[in-house]
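This briefing concerns aromatic ring contacts and the charged groups that accompany them. Please consult the sequence and the structure shown here while reading.

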Amino acid sequence: MKKYVCIHGHFYQPPRENPWLEDIELQDSAYPYHDWNEKITEECYAPNTVSRILDSQGRIVGLPNNYAKISFNFGPTLLSWLEQKTPAIYAAILAADRQSRENFSGHGSALAQAYNHMIMPLANPRDKYTQVWWGIRDFERRFQRSPEGMWLPETAVDLETLEIMAELGLRFTILAPHQAHQVRKRGKKAWQDVSGGRIDPTTAYELALPSGRKISLFFYDGPISQAVAFEDLLVKGEYLAGRLAGAFAGGRSWPQLVHIATDGETYGHHHTHGDMALAYAIDTIENNKLALLTNYGEYLEKCPPAMEVKIFGNTSWSCAHGVERWWKDCGCNSGGHPGWSQAWRTPLREALDWLRDTLAPLYEAQAGRFLHDPWAARNDYIEVILDRTPDNVEQFLARHASRGLDPGEKNMMLKLLEMERHAMLMYTSCGWFFDELSGLETVQVLQYAGRVVQLAQEVLGDDLERRFLERLELAKSNIAEHGDGRRLYEKFVKPSTVDLLKVGAHYAISSLFEDYQLRDKIYCYSIDREDYRPAEAGKAKLAVGRIKVTSDITWDTATISFGVMHFGDHNLWGGVRFYQGEKAYGVMAWEVMEAFSWAEFPETIRRLDKHFGASTYSLRSLFRDEQRKVLAQIMEMTQAEAWSAYGRIYHHYVPFMRFLMDLGVPLPQTFYSTAETVINHHLLQAFQAEEIDLATVRGLLEDARLFQVTLDGSGLEYALRKAISGLAAKCRFSPNDLHCLEQLKDAVALGQEMPFEVNFWRTQNTFFEVFKTNYPLWRERLEQGRAEAQTWVDNFGALGEMLSIYVP
């Protein structure tokens, strides 16, 4: 009998986008990366597209795309982010699915996923259908084929969800072994109890649904999956290969399938170099003929289910109590905060359920005035989410509108549909998964709810917020300063709320620090500049102007006038208002600029107050990324003075500090802090310079060692990695530049001297490109006796050795 192995990775991140900006803002907790998506991409999603297989001497002998040899699913919202932010990685994932079809008899390895990771058994029927439909359509648009299977978030399952999946043409899903209840051979009457995870996972099963439809189920190997995720099975690829190969049993009479399922982030993010262990295990299984690699679609074709199964509904892979983790204090938590209560989960879900159920009939009634079928339109709205170009949106509205719509009605329909989209996003599972109400993931779902409330107020005129907050107040935080859900909403959601005036304020303030084009973008808003009048007086700056702001999402639009003044430090004052006509605008602009031209700043502020009243804004009003950029500019001179002062102190006392260390006397804290600050700063500057001064860096490293300074390993590694990969890219574009090659070799050598591990993944990939394209040309020149070829080949070979790449 043939033996098969299938490894499934569930690659997913919760949507982290600001609901008003449709983009992820800076997340300090992901330092040195911009946000957690970027960090995890660098640690996991990217390395798995070009992993490494090492020989016995630790040299790279293979660069496989792991996705092409495993089964995988990516969350649609994550794929959307990858498409925008890392198109090369996104393209490699799609290419892997195409390659997998060649590997596995025409069956692609990618699976669809229910759209935004909602716990399906806790959803209402409409949301279940939309989640499955959106997951399918998103998949079809990206992978250019229909999905055969779908991953259920947290493997949370019920019969109604499986019915919808089967109705929409999906053939299978993957569950945990403890979700199986009973099995029997086809044609037999007697059922065998397999509860408690006792099901044999080495074959496919068929589930008969109440409608008469059928769907295939795979139950992954629990112990091996657990060992991969939480034990040391990824320390070496041999361990994983051996454990998988050892799971086959001689007494089975069918082609056995040993398969595992874990979070995809296991391979690189949770376990450093886990992608390499995966690559080596796959290579070992194939080359040693331990089993045949397959995916679920191919196995189903070759080995249709001979067994029937019944399942336990309302169960999942990550809650021992079913799906209680996502609505009550069932005892499931991270284990990091003993004594904390998760009783907040119930009132949080009840508040969101109330919001959803209150709005559903209002949406249906209002949208029904203009659309043939409001719920069919919501299902089809995925076509707009995937392509927001005006022509596509117009086509969508034309398909669903019961009559021609004027611009205001189109705006209303888009707002209603966005309200419904966010009413599903607010159920993203991570909001309940962790221990505390004030966690990032829970605040994120509250922000989605805030966007729902805002849109409902705008298009339905129904002030739901007060009643919603009364329900949120019942959700109690474990942290006294946060109080309850109401306080968290007021603390973290209300200040994040964005409207067109706030976008205008952002434009006005940031225009003092960067140049905008006549037509420009601020996140998901288009800005048309109609008038702009800047002025300067010493360090002070002023700008008055008029812009048209349009939401690319809802087509909301308004003309906004503004005046803003910067005093030269962090003090900044600005006002915005809706455009009140050319006369009012002209008077405002003339009066404000006149006072400023006299350098009468108090009078300028008084006149701004006169025209803009309470609609005032400051640096606090900037969106987070721009705020940090502006603050960096403002602090540049102050920081330069501080660095200079620290540098003078450090260099003045270095001889004395060395004397103290020679005597074995610990450095006084003031000296130590100064050394730590200066050495880290100078190293960062050196790594960010156009050309790295090797002698300076080595001197700083020696001082750091001598004074036992703690280096900012994360930040410095990130900067040095970028510098080295930048040099490598330069060499790729100018492969005949010997000086560039020598610079890269020296930089890599420096990276290997660091007291922290430097990630050479991108540099190694670039080296391989040059190895394939240019190295053969230089070898040919060398064989022709050309003197310069020897130097190039020697340097290239030495660089390859440093990068653990064998160059013959």
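In this predicted model, phenylalanine 434 has a relative accessibility of 35% and is therefore classed as partly exposed. Phenylalanine 433, by contrast, is buried, with a relative accessible area of 18%, which lies under the 20% limit for that class. Aromatic pairs in the structure number 41.

**The pair of phenylalanine 433 and phenylalanine 434**
- The ring centres of phenylalanine 433 and phenylalanine 434 are 5.1 Å apart.
- Their planes meet at 75°, so this pair is edge-to-face, the class for angles over 60 degrees.

**The pair of phenylalanine 218 and tyrosine 296**
- A separation of 4.6 Å between ring centres and an angle of 50° between planes describe phenylalanine 218 and tyrosine 296, so the pair is tilted.

**Charged groups over rings**
- Arginine 325 places its charged end over the ring of phenylalanine 433, 3.6 Å from the ring centre.
- Over the face of phenylalanine 733 lies arginine 732, at 4.8 Å from the centre of the ring.

**An aromatic cluster**
- Phe767, Phe768, Phe771, Tyr775, Trp778, Trp792 and Phe796 form a cluster linked by ring pairs.

Key
Residues numbered from 1 in each chain as written. Predicted model: local features only at pLDDT ≥ 70, side-chain atom pairs only at ≥ 80, totals over all residues. Heavy atoms only, no water. Phe/Tyr/Trp six-rings, centres within 6.5 Å; stacked < 30°, edge-to-face > 60°. Buried < 20%, exposed > 50% of the residue type's maximum accessible area, 1.4 Å probe, protein only. Lys NZ or Arg CZ within 6 Å of the ring centre and 35° of its normal.
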